[in-house]
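Please look at the sequence and structure below before reading on.

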Amino acid sequence: MNNIHLNQDNNVNKVTGTHSVELWQRGDLQHAKADWLAEEVPVALVYNGISHVVMMASPKDLELFAVGFSLSEGIIETPADIFGIDVVPVCNGIEVQIELSSRRFMGLKERRRSLAGRTGCGVCGVEQLNDIGRPIAPLPFTQTFDLSQLDAAISKMRGYQPVGELTGCTHVALWLNEQGEIQDGREDIGRHVALDKLLGARAGQGWQNGAVLVSSRASYEMVQKSAQCGVEILFAVSAATTLAVDVAQRCNLTLVGFSKPGRATVYTHPQRLC
C-alpha cells in the first residue's frame with residue numbers, strides 16, 4: 001500500500017501528511033514561529049465509477065481505508081471482493097477508485113436504491129438511521145484478554161501517531177494481539193477513519209486473535225464497525241455512549257471505556273476479560 005499526500009515540497013509532508021505554517025502565540029504576537037498542522041482532505045470513495053461517500057481524512061493509508069471502510073460498512077465480505085484500488089489526486093481532493101466484484105456492486109446499488117426510496121430528505125440521514133439498526137450477526141466468544149497487559153499498550157500509543165506528535169490533532173487505532181502487544185496502528189484526523197484503516201490492515205494480515213484499542217470515545221459507529229469485522233473486544237481511552245453500549249450488548253462485543261493506566265470500565269460482556 002502506498003501513502004498518498006497532496007504536499008510534495010517537503011520530505012516530512014511525504015511521510016506524515018502534515019503542512020508547515022507560521023503562527024503567533026499568546027504573549028508574543030510580534031514574532032511568528034514555525035509549526036505543523038495535520039492535513040485534512042476530502043476523500044471520495046468511488047465504487048465502480050459511482051461516488052458513494054466523501055469523508056474528511058488524512059491523506060495517507062487510503063488503500064487501507066478503502067478496504068476497512070468497505071468491510072466495516074458491509075459493502076464487501078472479504079478483501080477478495082475488491083479487484084483493484086487506485087488513489088487519484090483531483091483538483092479539490094482525492095478520489096479512491098475501488099473496483100468491486102459484480103456481485104458486491106449489485107448489492108451496493110440495491111442498498112442505495114432501497115435507502116433512497118424511503119425518504120424525502122436525502123440519503124445521508126437515512127443511511128445513518130438504518131445503520132443504527134443494521135443487523136449484525138452475534139459475535140462468538142472465542143477471545144480473551146488479560147487487563148494487566150493493557151497498560152503497556154496504552155503507554156505506547158503516541159508512538160503510532162507521527163502526525164499527532166507534530167500537531168496534536170489525530171486519533172489512533174491499534175490492534176493488540178492476545179499478549180497485549182501492538183501489531184499495528186493507524187492514525188487519522190477522524191477516529192472512524194483511523195479505525196477503518198486499522199481494520200483494513202488487519203484484514204490484509206488475517207489477524208483474528210486480539211483486540212482493538214482506540215484513542216477516542218466509543219460511539220455506536222465504532223462498535224458497529226468493529227463487530228461487523230468480527231472484532232470481539234474494543235478498548236476506548238474515553239467514555240462510551242448509551243447507544244454504543246446497547247449495540248455492543250446486542251452483538252456480543254466486549255466494550256471497555258476509560259482505558260487508562262490502572263483503570264478500565266467494562267460496559268458489556270466482561271467474561272472475555274481477566
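Strand β7 is joined to strand β9 (residues 211–214) by 4 bridges, and the two run antiparallel. Strands and helices here are DSSP runs numbered from the N terminus, with at least two residues (E) for a strand and at least four (H or I) for a helix; two strands pair if DSSP finds at least two bridges between them. In this pairing Trp-175 stands opposite Val-212 of β9.

The model is predicted, so local features need pLDDT of at least 70 and side-chain atom pairs count only at pLDDT 80 or more, while totals for chains, interfaces and linings use all residues. Residues are numbered from 1 along each chain as its sequence is written, and side-chain values use heavy atoms, leaving out hydrogens and water.

β7 (residues 171–176) also pairs with β8 (residues 182–188), again antiparallel, through 6 bridges. Here Val-172 stands opposite Glu-187. The two strands form a hairpin with 5 residues between them, and Gly-180 in the turn has a positive phi of about 80°. Of the 6 residues in β7, 5 are buried (under 20% relative accessible area with a 1.4 Å probe, protein chains only).

The largest nonpolar core has 49 residues, of which Leu-100, Val-223, Leu-253 and Leu-255 touch the most other members. Such a core is a set of buried Ala, Val, Leu, Ile, Met, Phe, Trp, Tyr and Cys residues joined through side-chain atoms within 4.5 Å. Helix α2 (residues 62–72) gives the most to this core, with 6 residues. Apart from it lies another core, of 16 residues, including Leu-174 and Leu-176, as well as Ile-182 and Leu-213.

Technical notes. Buried means under 20% relative accessible area, exposed over 50%, partly exposed in between (1.4 Å probe, protein chains only).
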